[in-house]
Every structure is written in C-alpha cells, then in structure tokens.
Amino acid sequence: MSRRMVVRIRSMLIGLALTSSTTPVRADDFKPEEGFARLDNGKDLSGWAGDPAGWSVQDGVIHLDAKSAKGSIYSETPHGRTSIIRLQFRATPRADSGVYVHGKQFQVRDYPTVGPKPYAGPCKPAGQWNDLEWDITDGVAVVKLNGEVIEPAWPIGKNAKQGVGLQKEKGDFDFRYVRIKEKK
C-alpha cells in the first residue's frame with residue numbers, strides 16, 4: 001500500500017471517529033431501560049403541566065430560560081411511593097434549580113461551585129450532563145449522582161398528585177431523559 005493511500009485511510013478514520021464521538025444522541029434515539037416509562041418526549045412539553053413560560057424543548061432537551069420563566073412545571077404522570085426516577089441535568093455556571101418528588105424539592109444545581117460540598121465530588125462541571133436517580137422504597141429515596149450515593153435516606157413529599165416537577169430558580173438549566181419505573 002502506498003504512503004499516500006495510508007495517509008488517506010488514516011484521515012478518513014480520524015474524520016469518522018471525530019464525527020461519531022461528537023454527534024449528539026437525538027431525543028428520538030434514546031430508549032429507556034426496560035420497565036421505565038419516559039416522561040419527556042424530546043419534542044415538546046406534552047404531558048407537563050404548570051406555567052410553561054420560559055420552558056421549552058430545544059434539541060430534544062427540556063430547557064429552562066430562568067429570566068423568562070414564571071414558575072415550575074411538573075409531569076402529569078403520577079407515580080407511587082415505591083419507584084425509581086432517573087433523569088439527566090445540565091447546569092450553567094452557578095445555576096440553582098430543583099426537582100420535585102411528590103411535591104418535595106430536591107435541590108439541583110452547579111454543585112462544584114454552589115455546593116453543598118458532599119455533592120460536588122461526583123458532580124461534573126457546569127455545562128456537562130449529570131445522571132440523577134431516586135430509588136424510592138415506601139416514600140424514602142436513595143439518591144445517586146453519577147452513580148454515587150449522595151443521600152442515603154431522603155424522604156419524598158406527601159402529595160402523590162404531584163409526580164416529578166422541575167423548578168425555576170436561578171440560572172438556565174437543561175433536563176432530559178426523565179423516566180420512571182414502578183417497583184413491585
């Protein structure tokens with residue numbers, strides 16, 4: 001094989017690798033784990049109630065524009081006191097938001113800069129996606145951030161009519177792949 005051919009093949013492989021590693025997963029491509037139901041559809045705010053001002057779906061992601069948002073939104077899909085909730089969030093620098101579980105707020109923010117310190121370790125820097133999970137048994141959740149337990153026994157709220165909610169507070173936020181599974 002000629003040197004020119006080797007260089008050409010190497011360039012093609014590098015281009016292919018760069019394209020595949022930087023191409024974002026489209027919302028339509030995400031498939032929830034077995035037994036999980038997705039609460040966001042990656043297209044619009046169908047299935048969410050509350051004041052939608054300042055909330056939108058952009059590139060498959062629920063986006064919070066904190067300057068124009070008036071309030072919070074919540075999923076119209078109820079869930080039991082024994083379930084698993086998973087989602088991903090991305091905070092802008094120093095942003096502060098929250099996720100409601102049965103009406104009780106769990107503070108979600110740019111933990112490395114805003115705190116609390118115990119959450120900062122497993123959290124990725126502002127602008128990067130983080131995985132958050134509530135594994136709830138009889139109304140008490142083990143909360144994991146990027147696979148690490150950050151709250152071993154967090155009691156959820158008592159309002160079963162309010163399933164999963166997303167809060168407007170300070171700074172822009174993105175949420176995606178919000179999903180739930182009822183445990184047996």
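**Reading salt bridges**

Guide: Let's start with E133, which counts as buried at 13% relative accessibility. Buried means under 20% relative accessible area, exposed over 50%, and partly exposed in between, using a 1.4 Å probe and protein chains only.

Visitor: What is the mean pLDDT of the chain?

Guide: This is a predicted model, where local features need pLDDT of at least 70, side-chain atom pairs count only at 80 or more, and totals for chains, interfaces and linings use all residues. Residues are numbered from 1 along each chain as its sequence is written, and side-chain values use heavy atoms, leaving out hydrogens and water. The pLDDT, the predictor's confidence in each residue from 0 to 100, has a mean of 87 here, with 85% of residues at 70 or more.

Visitor: How many salt bridges are there in the whole structure?

Guide: Side chains of opposite charge can pair when their charged atoms come close. A salt bridge needs a side-chain nitrogen of Lys or Arg within 4 Å of a carboxyl oxygen of Asp or Glu. A search of the whole structure finds 7.

Visitor: Which residue forms a salt bridge with E133?

Guide: That is R86, with the closest N and O atoms 2.5 Å apart. R86 lies in strand β6 and E133 in strand β9 (residues 130-137), so the pair ties together parts 47 residues apart in sequence. Strands (E, at least two residues) and helices (H or I, at least four) are DSSP runs numbered from the N terminus.

Visitor: Which residues are linked with R86 in a network?

Guide: E33, E133 and R179 join R86 in a network of salt bridges. R86 is partly exposed, at 21% relative accessible area.
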